[in-house]
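Subject: Structure handover

Hello,

Here is the structure we talked about. My notes follow below it.

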Amino acid sequence: MGDYVTSMIDLKNVSVQLGGRDILKNVSLHIENGTTSVILGPSGAGKSTILKTIIGLVKVTNGTVIIDGQDIFSLDDNELLKIRRKIGFVFQGNALFDSLNVADNVSYFLSYNTNISQKEISDKVREILAFVNLEGTENLYPDQLSGGMKKRLAIARALAIDPKIILFDEPTTGLDPINSRSILDLIKRLKSVGTTSVIVTHILDDAIAVGDILTVINNGEIVSSGNVKDLLRSENQFIKDFFYEILADIKFIHNNNIV
């Protein structure tokens, strides 16, 4: 899966305006090397904009975005491209190439952006497909795959470039519980090989299952950030409302002595 090289992400006082609207307001976010950070919040809160800002697809109005020690908005196009090659992006809709089979979807960016031989590409594709539990699917096409398999293929394609960082936009939305668990297990495996992951989701159970640090955002502003225990102990009313169901479950378990 490639050698692990330290990486980290820093957003410092980032604001983003689009179409005259404030999408992000003075957001500061520090993501440590090799950790899994989850960004939570209601629809329209600005979660996905944070991901697009990290990869440089959305420019900041104010503030700085530092990836691996470099301020990405001070770079020229070629320098920014080098940074982007360190980052894998798993889109909510997967963004697979329907006309390409599984192997060609995984190898697509390798073929265009590296000088490795066809045999090396084939070997790498097999290695990655094994990592995401898609062995034997090389010749299938996306419309022959289940929803969970398509998501794993999207992750495999992101892994092909040996990224230091992988960004996930709502990785389990629309999946059944079994496939969701499979994707979350895969994200945990990525952490075990040193990958830094940033996940946007509105699903609390997913966030708690994989997140080292959870950051809650609302109306473009960070409400609170910390581990699960920190947030469950928060006195902030929005946090209490957002975690209401989980807090209610904890209270029920405690009151009924359920282990």
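The largest pocket holds about 450 Å³ of space. A pocket here is an open set of points on a 1 Å grid over the protein atoms alone, where a 1.4 Å probe fits, with protein on both sides within 12 Å along at least five of seven lines. Its volume is the space filled by probe spheres set on the points, which are joined across faces, edges and corners.

This is a predicted model: local features need pLDDT of at least 70, side-chain atom pairs need 80 or more, and totals for chains, interfaces and linings use all residues. Numbering runs from 1 along each chain as its sequence is written, and side-chain values use heavy atoms, without hydrogens or water.

Back to the pocket. Lining it are 17 residues (an atom within 4 Å of a point). Ile55, Arg84, Ile87, Phe109 and Ile161 lie nearest its centre. By class, the lining has 12 nonpolar, two polar and three charged residues.

Now Asn94. Is this residue buried or exposed? Asn94 counts as buried, at 10% relative accessibility (the cut-off is under 20%, with a 1.4 Å probe and protein chains only). Its side chain makes a polar contact with the side chain of Lys151, at 2.9 Å. Such a contact is a pair of N or O atoms within 3.5 Å, one able to donate a hydrogen and the other to accept it; residues adjacent in sequence count only if both atoms are side-chain atoms. Beyond four places in sequence, Asn94 is in contact (heavy atoms within 4.5 Å) with Lys150, Lys151, Ala154 and Arg157.

Best wishes

Notes. Nonpolar A, V, L, I, M, F, W, Y, C, P; charged D, E, K, R; others polar. Buried < 20%, exposed > 50% of the residue type's maximum accessible area, 1.4 Å probe, protein only.
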